[in-house]
Amino acid sequence: MRHATDNVPGSSLVTPAAPSSFSFLPGAADSPVILHVPHSAREIPAGVRADIVLDDAALERELDHITDSHTAEIAEAAARLAGVTPWRFVNRLSRLVVDPERFPDEREEMRAVGMGAVYTRTTHREVLRSPGTDPEPLVARYFRPYAQAMTDAVAERLAAVGRAVVVDVHSYPAKPLPYELHGEGPRPPVCLGTDAFHTPPELLAAARKAFGEAVAEIGLDSPFAGAYVPLAHYGKEPRVSALMVEIRRDTYMTEPGGPAGPGLTRLASALAALVDAVTR
């Protein structure tokens, strides 16, 4: 599991009731690939918003910084371009509700900066929620159903085609933010996050080739490392392979939280090339 969002730039969507927190979008029956998009959304249910101490303007700024803007759009475009349509698992709520890629317990290193499964601090280490906030209601309402649905999605691909390839689609800012624990390293246009057990050499080689035709430099595990695998399969099921694709935001959008530019199409094409390479 990795340690480490379709949005309207500059506008958080606060809803009156909790919506479905994710979408599992079908691909081709014979595709092993799941494009996982956990951090592309800005939507926050009203009941969750009530416990966030930031005023509306400050919350908008925080969403600009914390959201992997347009990554759902990149994954959607890649799915259209791919020869065999991949499956897509997309978080529809902001990671300020819960972060589905954190451990929900003491194993999570980001708890040191108030950013475990339920954040209590912002990207600039300011107060987001009261330090005494009980994370369990949000973990029960959002985190566990999301984790179970992702586990089921991977199991479904295993049953259907005998393997599953989870490609995590993320982005990160050109300059490090104060919350980053490992922000001092290289920040290439594309960073590939790997896992010793779940990232086979052929998957990494395919990603290097696909993105190498789109950007000048590809890095490995810096500034973010690891790859998302549901805990039921993590370290146990070799038929589940995984790779994290971290795209530096200035390659395809205006930071922070601004519109996408022409780089989005180029990167979506590269992601589609990766999907095609690992589907064969």
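Is Asp221 buried, partly exposed or exposed by its relative accessibility? At 27% relative accessibility, Asp221 counts as partly exposed, where buried means under 20% relative accessible area, exposed over 50%, and partly exposed in between (1.4 Å probe, protein chains only).

The legends below describe close-up views of a predicted model, in which local features need pLDDT of at least 70, side-chain atom pairs count only at pLDDT 80 or more, and totals for chains, interfaces and linings use all residues. Residues are numbered from 1 along each chain as its sequence is written, and side-chain values use heavy atoms, with hydrogens and water left out.

**View 1. The packing of helix α5 against helix α6.** Helix α5 comprises residues 201-212 and helix α6 residues 263-279; helices (H or I, at least four residues) and strands (E, at least two) are DSSP runs, numbered from the N terminus. The two helices pack at an angle of about 150°, and their axes are 8 Å apart. Axes are lines fitted to C-alpha atoms, for helices over the stretch in contact, and angles run from 0 to 180 degrees between N-to-C directions. The crossing of α5 over α6 is right-handed; a crossing is right-handed if the near helix is turned clockwise from the far one by less than a right angle, and left-handed if anticlockwise. From α5, Leu203, Ala206, Ala207, Ala210 and Phe211 meet Leu267, Ala270, Leu271, Ala273, Leu274, Ala277 and Val278 of α6, contact meaning heavy atoms within 4.5 Å. The residues of this contact divide into 12 nonpolar, no polar and no charged. Here Ala, Val, Leu, Ile, Met, Phe, Trp, Tyr, Cys and Pro count as nonpolar, Asp, Glu, Lys and Arg as charged, and the others, Gly among them, as polar.

**View 2. The two sides of helix α5.** Buried in α5 are Leu203, Leu204, Ala206, Ala207, Ala210 and Phe211. These residues lie on the same side of α5 because they cover an arc of only 160° around the axis, the arc being that of the directions from the helix axis to the C-beta atoms. On the other side of α5, Pro201, Glu202 and Lys209 are exposed. The cover over the buried residues of α5 includes β6 (164-172), β7 (190-193), β8 (218-220), β9 (240-248) and α6.

**View 3. Arg208 in helix α5.** Arg208 is found in helix α5 and counts as partly exposed, at 36% relative accessibility. Its contacts, leaving aside neighbours within four places in sequence, are with Leu192, Ile218 and Leu220. The C-alpha atoms of Arg208 and Cys191 are separated by 9.8 Å, and the two residues are 17 residues apart along the chain.

**View 4. The surroundings of helix α6.** With 17 residues, α6 reaches 24 Å from its first C-alpha to its last, close to the 24 Å expected at 1.5 Å a residue. Its buried residues include Gly263, Leu264, Ala268, Ala272, Val275 and Thr279. The buried residues of α6 pack against β3 (33-37), α3 (71-81), β6, β7, α5 and β9.

**View 5. Backbone features in the loops.** Most residues other than glycine have a negative phi, and most peptide bonds are trans. In the loop between β8 and β9 lies Asp221, which has a positive phi of about 55° although it is not a glycine. Pro223 is also found in the loop between β8 and β9, and the peptide bond from Ser222 to Pro223 is cis, with omega near 15°. A cis peptide bond, with omega near -15°, also runs from Glu255 to Pro256; Pro256 is placed in the loop between β9 and α6. In the loop between α2 (56-66) and α3 stands His70, whose phi is positive, near 70°. His70 is buried, with a relative accessible area of 7%.

**View 6. Ser171 in strand β6.** Ser171 lies in strand β6 and is buried, with a relative accessible area of 4%. Leaving aside neighbours within four places in sequence, Ser171 is in contact with Asp68, Ser69, Thr71, Glu246, Ile247, Arg249 and Tyr252. Between the C-alpha atoms of Ser171 and Pro189, 18 residues apart along the chain, the separation is 9.7 Å.

Technical notes. Expected span 1.5 Å × (residues − 1).
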